[in-house]
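I open the notebook on cavities and the ligand site. The structure goes in first.

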Amino acid sequence: MADKKAQLIIEGNAPVELPVLTGTMGPDVIDVRSLTATGRFTFDPGFMSTASCESKITYIDGDKGILLHRGYPIEQLAEQSDYLETCYLLLNGELPSKEEKAKFVGTIKNHTMVHEQLKSFFNGFRRDAHPMAIMCGVVGALSAFYHDSLDINNPQHREVSAMRLVAKMPTIAAMTYKYSMGQPMMYPRNDLNYAENFLHMMFNTPCEIKPISPVLAKAMDKIFILHADHEQNASTSTVRLAGSSGANPFACIAAGIAALWGPAHGGANEAVLSMLDEIGSVENIDKFIAKAKDKNDPFKLMGFGHRVYKNFDPRAKVMKQTCDEVLAELGINDPQLELAMKLDEIARNDPYFKERNLYPNVDFYSGIILKAIGIPTSMFTVIFALARTVGWISHWKEMLSSPYKIGRPRQLYTGYEQRDLPSGRD
Ligand code: CMC
């Protein structure tokens, strides 16, 4: 909705009138689309001040620490919903009725297996390959197996691809783990729920099928919910950008996985545990806090800080509570958790972190829960990718279901002016 106007005055030129758009919540945005007619562009590396699209899926108030999916607070979803219901909500905009939920779960279960030939793909990777490297390749390769749902202009195809992706990600994620272990890959079991099935494929073997702990399955499900979507973060924006060129959904999600991998984004959960290992014990915390504050040292406190949250990350609050529950249930007394809590306390009372509003983010505690569940560190970001797939595909679908333009940022060129090749070269 545009009812206000902003004026841009560039010295020596007539003022340019720009519409100011108002959303249902959040700050107004200045619509600079007409600026191109003046021969000028805006400059905003890192998208610090730029809304790249309009969306109805997720809302974040970073100052208040609020995260809503389709209007529902993340705390309520984590406590009262389950992952597949949250997936339905993100994809469709409303909570499902009982019948709609049953149908949705049935459809997902219908698609949990992957093409048998996809298995041979894994043999091309080294056994010690990082699972995220395998994920980028194998998820991209899905487009070579599911040709029948690749027409991005067909809403039915988009729907089938979305279902396939949500259903197959746990299978592929567990396959990467089994491959790294040299164990047989496990087929999905459709009598189990989404999280139980994932843990079954991760930890069972054909010669030993152990029951899945309901406490761990519940914790896993919560971790999936907490990672399901987070509006226009780096990986989601990557998926939208790739999708804006008309690329197929499997290729777009593979692009999202690649963007997620970096330690400033989804790779932070793995980096938190490596950092805690490096710190070693409580006596060393001060030394590492000093390193994090030193501008000449690239070290950052992993799991701290966020581009949007300038308050406690609401996902971290739920994560901390789940962490306490899981460790109590398993009777684990984890020295790394004690170290993490001490680090959290010291950092949060330190003026450097206070002044910059650096609070623990979702990745700070998730690693400790995943470790307690028995997930190896190298799989942490894979689990983030598995859970975020529904967010990526919801944004991709949202973009494709109304008019959109190819994403094509401009630049401020600071290189050479035109010049000629030197003459007389051999
Ligand atoms: N440790 C020490 N200093 C920090 C940290 C940190 N973790 N995060 C930010 N700062 C400082 C930064 O150096 C800067 O200081 P100054 O103003 O003196 O130059 C100030 O705080 C503002 O930070 P920024 O880097 O300009 O903020 P940003 O919005 O560009 O970056 C971030 C956000 C998440 C990339 C960054 O906080 C970070 O690298 N954190 C550690 C990695 C991490 O935990 N990432 C997970 C993010 S949540 C999950 C997800 O999105 O995937």
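Which residues line the largest cavity? I found M113, V114, H115, E116, K119, T171, M175, M185, M186, Y187 and P188. This is a predicted model, so I note that local features need pLDDT of at least 70 and side-chain atom pairs pLDDT 80 or more, while totals for chains, interfaces and linings use all residues. Residues are numbered from 1 along each chain as its sequence is written, and side-chain values use heavy atoms, with hydrogens and water left out.

Cavity entry. I took a cavity as a set of points, on a 1 Å grid over the protein atoms alone, where a 1.4 Å probe fits but cannot get out; lining residues have an atom within 4 Å of a point. Points join across faces, edges and corners, and volume is the space filled by probe spheres set on them. I counted one cavity of 30 Å³ or more. The largest cavity holds about 90 Å³. Its lining divides into seven nonpolar, two polar and two charged residues.

Polar contacts entry (N or O pairs within 3.5 Å). A polar side-chain atom of N361 sits 2.9 Å from a ligand oxygen. For K295, the distance from a polar side-chain atom to a ligand oxygen is 3.0 Å. A side-chain N or O atom of Y352 lies 3.0 Å from a ligand nitrogen. Taken alone, the ligand exposes 940 Å², and the protein buries 75% of that (Shrake-Rupley method, 1.4 Å probe).

Notes:
On a 1 Å grid over the protein atoms alone, a cavity is a set of points where a 1.4 Å probe fits but cannot get out, and a pocket is an open set with protein on both sides within 12 Å along at least five of seven lines; lining residues have an atom within 4 Å of a point. Ala, Val, Leu, Ile, Met, Phe, Trp, Tyr, Cys and Pro count as nonpolar, Asp, Glu, Lys and Arg as charged, and the others, Gly among them, as polar. A polar contact is a pair of N or O atoms within 3.5 Å; within protein, one must be able to donate a hydrogen and the other to accept it, and residues adjacent in sequence count only if both atoms are side-chain atoms.
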